[in-house]
Amino acid sequence: MVAQTTLTQYLKNHTTPELASTITTLATASVAISQLLNKGALAGIHGEAGNQNVQGEAQKKLDVISNDLLLNALTHNPNCAGVASEELDEINPANDNGTLLVAFDPLDGSSNIDINMTVGTIFSILPYHNQGQKATEADFLQKGANQIGAGYFIYGTSTMLTVTFGAGVAMFSFDPISQTYILINDDVRISSDTAEYAINASNRRYWLPPMQQYIEELVQGDTGVRAKDYNTRWVAAMIADVHRILMRGGIFMYPFDTKITGKAGKLRLMYEANPMSFVIEQAGGASTDGVERILDITPTHIHQRIPVVLGAKNEVAYVKDLHKTAGILANGDRA
Ligand code: AFP
């Protein structure tokens, strides 16, 4: 039997002690979240918490619990200088001498909790350079290309971790018997072409013309200009849609839309778009807001929203070309 590689062993050989310690802290919190999810209704964690988060969305009980677990764990890690969460208005300074900043979405796809579908925790790790001073929001406003680690824990039919440190993507599966994450793939790759796409097509009337054209072409299948049939999948949790793309290819889109004035789409740059773009690029895919590479965008504030198109390289390039041909120079107001 081939010896199994645990997360601890992998981290020792593939990253710095600071990053290894931070991932270990995140992994420990993920196990607690996964256990609560497994207990489900019996843990009393279903339903609304009765609050709204900074994005104006109703918080689920497990959103709040997961946020508290991660925040508490990370702020006690000496390597962590500050924490930003999708669920909190402001950043939390942690340890002044830490070298890392962590941004996270504690429970992506939380509308899936009560229906027993996949959810997950997304994280992005940035360098911190102002040792000796308290971290501020300005320290977090770095473009995604500065990330030194990113990934997600997915709580699906099994619990898994996908992580990158900028040299490829590794995937781990949580073994409930040994309570350890075990390496299952140390070089996740995405095919450059695909026949599977993910988008919430009910927003179609709010999209820009090139995005409407793109989806129309895919729907026409082998009777249209793309000359092949496409298939749709949509889990309503970015984490699950991105995971599927890493496993079997595809393209995921939450494009620019005019549904809510002043919100350029639904997804958050720092908690969703940046970490997922880093993972996707490291697996050989591509990521854009329709015009620019997402990882090149400098955030203007920590809760900024951004249009997202990511996955199979050739398909993402095709979408970008359609935007260019239509003369779209910037993807609207990204406030
Ligand atoms: P929640 O975490 O609030 O459920 O949002 C999840 C999400 O931001 C992202 O993970 C999905 O891709 C997207 O929303 C689904 O949005 P629709 O509700 O428009 O399908």
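Which residues form one aromatic cluster with Phe123? Select Phe153, Phe174 and Tyr181 alongside Phe123 and you have the cluster.

A word before moving on: this is a predicted model, where local features need pLDDT of at least 70 and side-chain atom pairs count only at pLDDT 80 or more, while totals for chains, interfaces and linings use all residues. Residues are numbered from 1 along each chain as its sequence is written, and side-chain values use heavy atoms, leaving out hydrogens and water.

Now zoom in on Phe123 and Phe153, a tilted pair with 5.6 Å centre to centre and 40° between the planes. (Rings of Phe, Tyr and Trp, the last by its six-membered ring, pair if their centres lie within 6.5 Å; planes under 30 degrees apart are stacked, over 60 edge-to-face, the rest tilted.) Phe123 is in strand β6 (residues 119–127) and Phe153 in strand β7 (residues 149–155), so the pair ties together parts 30 residues apart in sequence. Strands here are DSSP runs of E, at least two residues, and helices are runs of H or I, at least four, numbered from the N terminus.

Next, select Tyr197 and Tyr230: their ring centres are 6.5 Å apart and their planes at 65°, so this pair is edge-to-face. Both Tyr197 and Tyr230 are buried (under 20% relative accessible area with a 1.4 Å probe, protein chains only; exposed is over 50%, partly exposed in between).

Then show helix α2, residues 17–39, whose end C-alpha atoms are 33 Å apart.

Definitions and conventions. The expected span of a helix is 1.5 Å times one less than its number of residues.
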